[in-house]
Amino acid sequence: MKKRRLGNSDLYVSELGLGCMSIGTNPSQAQEIIEAALEEGINYFDTANLYDFGENEKLVGQSLKSVREQVIIATKAGNRWNKNKDGWSWDPSKSHIKEAVKDSLKRLGTDYIDLYQLHGGTIEDPIDDTIEAFEELKEEGYIRQYGISSIRPNVIREYAAKSSIVSVMMQYSILDRRPEEEALPLLNQKGISAITRGPLAKGMLSNKMLDKASESVKAKGYLDYSYSELEKSISSIREIISDERSMTEIAFQYNLADHAVASVAAGASRAEQVRENAKAARAHPLNKDELALIKSIAKLNKYEQHR
């Protein structure tokens, strides 16, 4: 598995990362999935304090304990569960972030976090205070680097201008090309990496294609695609790209074709799924003609609500 540098940092992440939200709460199952990832050469593991009330961090930490120095553990903060744990509130304050990191370190069973990310954010946040919190945590040795998880161009612009973030996690796929409009060009210019999530667009770009479409997608479409447009676009892409490539391979390689993308963080609920994803990530890159054909079919979506 090839690795790419995360921004201008000393962190090198595998081109395929494991998005750990879907590993479940069964310890043996979670360990099996994570061990499969390690066997495939994956070194980037992404979790968050929000997932399963922190249990996800515990499982990730336990499963990676024996290889801690060889892996990149990323987690996130900014969301605070309420007392009943039936909802959460957004809290990007300096005090919360500096408190949350200690809880995450304890759950992960480690004394440092490789990549600490703000789990969301709006332009109305106290951004200067948030940046100060991350910078202090870096100076204090609790974290090695920090980034944000955001799809909002205005928020990404602000952090790119004011902070020393090394990464932005964002949703990106053939069916969701919104980052191509502004975010990815900006990150390329600034030397900041993208970590992409949702590369298979709710499974519709997996080998099962529209068999994975939910009832909601069938009724309302996906982003600015109607369901009939999805059928036409996905089938057209499948027809023009060689059958030697799986649909999952096409989807992952599309993401990895952008120079700003350091890693595709794909979820998995089974070890076999990890192995299938790893095979797709290790495949030959899409050539210029293949990329051009895909872009001629897939819409260049626009951000409408979060500018």
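Predicted model: local features only at pLDDT ≥ 70, side-chain atom pairs only at ≥ 80, totals over all residues.
## Pockets, cavity and barrel

The lining of the second largest pocket divides by class into three nonpolar, five polar and five charged residues. Along the principal axes, the C-alpha atoms occupy a box of roughly 55 × 40 × 40 Å.

**Second largest pocket**

- The second largest pocket holds about 300 Å³ of space.
- Its lining comprises 13 residues, of which Asn 49, Arg 80, Trp 81, Asp 103 and Arg 107 are the closest to the centre.
- Strand E6 (79-81) and helix H3 (94-108) each contribute at least two lining residues.
- H3 gives the most to this lining, with five residues.

**Largest pocket**

- Among the 49 residues that line the largest pocket, Met 21, Arg 197, Gly 198, Pro 199 and Gly 267 are the closest to its centre.
- Two or more lining residues come from each of strand E7 (88-90), E10, helix H9 (247-256), E12 and H10.
- By class, the lining of the largest pocket has 18 nonpolar, 21 polar and ten charged residues.

**Barrel**

- Eight strands form a closed barrel in the order E3-E4-E5-E8-E9-E10-E11-E12, with parallel pairing.
- From one strand to the next, the twist averages 30°.
- E3 and strand E12 (residues 261-267) run parallel and are joined by four bridges.
- Gly 17 has Ala 265 as its bridge partner in E12.
- Helix H5 (residues 153-162) packs on the sheet, where it touches strand E8 (113-119), strand E9 (143-149) and strand E10 (167-171).
- The direction of H5 makes about 150° with that of E9.

**Cavity**

- The count of cavities of 30 Å³ or more comes to one.
- The largest cavity has a volume of about 30 Å³.
- Its lining consists of Leu 16, Gly 17, Leu 18, Ile 42, Ala 266, Ala 268, Val 274 and Asn 277.
- Strand E3 (16-19) and helix H10 (271-281) are the elements that give two or more residues to this lining.
- E3 gives the most to the lining of the largest cavity, with three residues.
- Six of the residues lining the largest cavity are nonpolar, two are polar and none is charged.

**Elements shared between features**

- H10 supplies two or more residues to the lining of the largest cavity and also to that of the largest pocket.
- E12 is a strand of the barrel and supplies two or more residues to the lining of the largest pocket.
- Gly 17 lines the largest cavity and is bridged to Ala 265 of E12.

Conventions:
Residues numbered from 1 in each chain as written. Heavy atoms only, no water. 1 Å grid on protein atoms, 1.4 Å probe; cavity = no way out; pocket = protein on both sides within 12 Å on 5 of 7 lines; lining within 4 Å. Points joined across faces, edges and corners; volume = space filled by probe spheres on them. Nonpolar A, V, L, I, M, F, W, Y, C, P; charged D, E, K, R; others polar. Pairing = 2+ DSSP bridges. Axes fitted to C-alpha atoms, helices over the stretch in contact; angles between N-to-C directions. Contact = heavy atoms within 4.5 Å.
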